[in-house]
Amino acid sequence: MTTVSSSTSTSSASSAISVTTSGTTNSSSIDWSALIQAAVDAKTAQATTISTSITNNEAKISAYQTLQSDLKTLYSGLTSLSTAVVNSLSTSAFATRAASISSTGDVSASSALSMTIKSGAATGDHTLTISQLATAHKVSGTAQSSQTDELGYSGTFSIGLEGGSTSDITVTSTMSLQDIVDAINAQTSTTNVQASIVQVSSTSYQMVLTGTEDAADISYSSTSGDDIMNELGVTDSSGGFTNVIQEPQSAEFTLDGIAMTRDTNDISDVLTGVTFSLLQATPDGTSLNISIEPDTSQIESAIETFVTNYNAFRDEVIAQQATATDGTADSSAVLFGDGTMRNIMDALQNALNSTVGGMTMADLGLSFNENNELELDTSTLSDILSTNLSGVTKLLSAQTTTSSSQLSVVNTGTSPQSFTLDLTVDSDGNLTSASVDGDSSLFTVSGTTIIGASGSIYAGMAFTYSGSTSQSITVTSTSGIATQLYQVAKNYSSSTGALQTLITNLTTRDEDLQQKVDDINSAAATLQSQLETQYAKYQAAIESANSTLTYLKALLSSSSSD
């Protein structure tokens with residue numbers, strides 16, 4: 001007996017159908033499931049090959065997305081190094097400021113003064129002496145036996161600070177001292193007067209009124225009913241305050257020999273971008289010495305972050321260049337020999353190897369190791385920042401100048417451009433438009449401010465114009481190493497960049513391939529169904545033939561016996 005069988009099967013194949021036919025000299029068994037599965041496998045073999053291509057493409061997409069993410073991190077970290085505009089709105093590391101305060105004479109610098117400094121504040125040294133601090137008006141009333149008992153007073157009074165807003169406070173006979181304090185404090189945002197209760201003893205409570213702004217007198221007047229503040233001993237019969245705890249006064253100080261007064265101890269209008277917080281008066285013969293300098297620690301930190309981010313990208317590239325022991329590409333290196341990845345690395349290294357203003361990255365303490373990763377000598381960086389900050393600024397960042405002193409640069413953006421800006425001023429001297437080569441949509445004008453339009457190559461650039469006539473002004477920009485790196489990383493990783501194009505194309509290709517797989521599998525399923533039907537008919541025919549054969553044999557046997 002000859003047997004035909006197959007070990008290959010699928011979940012959709014019918015269970016094995018075996019049939020035996022017997023004649024006088026032979027018999028045979030047919031495995032219909034094996035025959036069906038062989039036909040289906042032949043049909044789906046191409047789908048398996050295509051699915052392998054899809055899997056390979058998915059691995060490439062994942063690798064491209066990793067490169068894309070690393071580049072986004074790289075250019076994000078370079079933002080503060082790519083521009084060097086110095087103003088209060090700047091996010092540049094070169095615009096950050098640090099201050100040191102020392103003292104001359106018997107005074108603690110930290111006890112007398114604290115400071116906050118915004119980006120872009122003017123650098124320099126200053127001398128400060130403080131004659132007196134600004135103080136708020138503070139008054140108190142006479143002792144009351146309880147803070148919660150009903151007082152029995154009914155009336156309305158007006159309260160506030162001299163020159164400011166006032167509010168009317170209504171008191172009813174059932175209100176306690178605490179209730180009156182609460183009513184006053186409910187209006188503090190308007191009146192700038194706060195009320196509180198001081199407990200002198202278990203049976204003695206005094207109301208205290210305090211101005212929330214320095215150098216301003218508390219104003220009070222009774223408008224109807226009982227004179228509430230007089231009843232509480234805060235004012236006398238003439239309306240004057242009975243007990244003044246603290247007189248209001250202005251701050252008096254001298255900066256660089258110039259005497260000044262302010263109504264507050266937090267002074268932000270003397271040096272642009274600098275807020276002085278006066279804490280105590282300086283004794284005669286003493287002074288505070290203030291030094292405002294660029295905060296180079298921010299530059300150092302930004303460069304260290306850049307090195308970390310660059311090496312993270314470089315390490316991913318190295319992983320995609322890995323080889324197996326036989327010298328061929330490693331199975332994990334799905335982008336081995338990829339042209340776009342190579343172009344990105346070439347562009348980044350070209351930027352790093354550029355010379356700007358006679359300086360290179362080596363002047364910053366940057367160098368490549370054997371894997372073309374970056375290494376930083378922090379000692380070299382610290383030295384160059386302390387001796388040639390202007391050179392470092394030019395080496396790294398974008399620089400923009402104009403041919404007219406009437407056009408000031410507010411921001412260069414991270415993609416600086418050189419061009420001629422045509423400014424139009426109307427007969428009243430108002431700036432009405434700014435255009436390049438006749439296109440006024442590239443810049444928006446608001447008053448004297450000119451801003452590069454979002455989405456254009458001038459996005460991020462901003463200027464102010466102080467002129468009163470129409471004119472054409474040349475704008476010249478140069479790009480430092482950080483600016484160049486920023487542009488490369490951003491362009492390649494953007495939503496319209498080369499990496500995204502590759503990702504999109506592979507994704508579309510996979511969708512098309514998956515459709516082919518689905519079509520093949522669908523056709524294979526149809527074929528399987530057809531074959532199962534067809535072979536079932538064959539089986540039925542064989543069974544019918546066997547039945548007939550059995551009958552004939554029985555008939556012949558019966559005839560022979562007769």
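The questions and answers below go through cavities, a sheet, some loop residues and a salt bridge in this predicted model.

User: Which helix gives the most residues to the lining of the largest cavity?
Analyst: The structure holds one cavity of 30 Å³ or more, and about 70 Å³ of space lies in the largest cavity. Helix 1 (32-82), helix 6 (296-319) and helix 10 (481-493) each supply at least two residues of its lining. Among these lining residues are Ile-481, Ala-482 and Leu-485, and the helix that gives the most, with three residues, is helix 10.

User: How many charged residues are in the lining of the largest pocket?
Analyst: The largest pocket holds about 200 Å³ of space, and its lining includes Thr-414, Ser-456, Tyr-486, Gln-487, Lys-490 and Asn-491. By class, three of the lining residues are nonpolar and seven are polar, and the number that are charged is one.

User: Which strands stand at the edges of the open sheet of four strands?
Analyst: Strands of a sheet pair through backbone hydrogen bonds, either parallel or antiparallel. In this open sheet the order is 22-27-26-25, with antiparallel pairing. Two of the strands have a single partner strand each, so one side of each is left without a neighbour in the sheet, and these edge strands are strand 22 (407-411) and strand 25 (443-446).

User: What is the average twist from one strand to the next in the open sheet of four strands?
Analyst: The sheet in question has the strand order 22-27-26-25, and its pairing is antiparallel. Going from one strand to the next, the twist averages 25°.

User: Which residue in strand 27 stands opposite Val-409?
Analyst: Strand 22 pairs with strand 27 (residues 462-465) in the antiparallel sense, over four bridges. Within strand 27, the residue opposite Val-409 is Phe-463.

User: Which residue takes a positive phi in the hairpin of strand 25 and strand 26?
Analyst: Strand 25 and strand 26 (residues 449-452) run antiparallel and are joined by four bridges, with Ser-446 standing opposite Thr-449. The hairpin has two residues between the strands, and the residue there with a positive phi, near 65°, is Gly-447.

User: What is the relative accessibility of Asp-256?
Analyst: Most residues other than glycine have a negative phi, and most peptide bonds are trans. Asp-256, in the loop between strand 14 (251-255) and strand 15 (258-262), has a positive phi near 50°. Asp-256 counts as partly exposed, and its relative accessibility is 41%.

User: Where is Asn-372 placed?
Analyst: Asn-372 has a positive phi near 60° and is a residue other than glycine. Asn-372 counts as partly exposed, at 31% relative accessibility, and its place is in the loop between strand 19 (366-368) and strand 20 (374-376).

User: How far apart are the closest N and O atoms of the salt bridge that Asp-269 forms with Arg-262?
Analyst: A search of the whole structure finds one salt bridge. Asp-269 counts as exposed because its relative accessibility is 53%, which is over the 50% cut-off, whereas Arg-262 is partly exposed at 23%. Between Asp-269 and Arg-262, the distance from the closest N to the closest O atom is 2.9 Å.

Terms used. Residues are numbered from 1 along each chain as its sequence is written. This is a predicted model: local features need pLDDT of at least 70, side-chain atom pairs count only at pLDDT 80 or more; totals for chains, interfaces and linings use all residues. Side-chain values use heavy atoms; hydrogens and water are left out. On a 1 Å grid over the protein atoms alone, a cavity is a set of points where a 1.4 Å probe fits but cannot get out, and a pocket is an open set with protein on both sides within 12 Å along at least five of seven lines; lining residues have an atom within 4 Å of a point. Grid points are joined across faces, edges and corners, and a volume is the space filled by probe spheres set on the points. Two strands pair if DSSP finds at least two bridges between them. Axes are lines fitted to C-alpha atoms, for helices over the stretch in contact, and angles run from 0 to 180 degrees between N-to-C directions. Buried means under 20% relative accessible area, exposed over 50%, partly exposed in between (1.4 Å probe, protein chains only). Ala, Val, Leu, Ile, Met, Phe, Trp, Tyr, Cys and Pro count as nonpolar, Asp, Glu, Lys and Arg as charged, and the others, Gly among them, as polar. A salt bridge is a side-chain nitrogen of Lys or Arg within 4 Å of a carboxyl oxygen of Asp or Glu.
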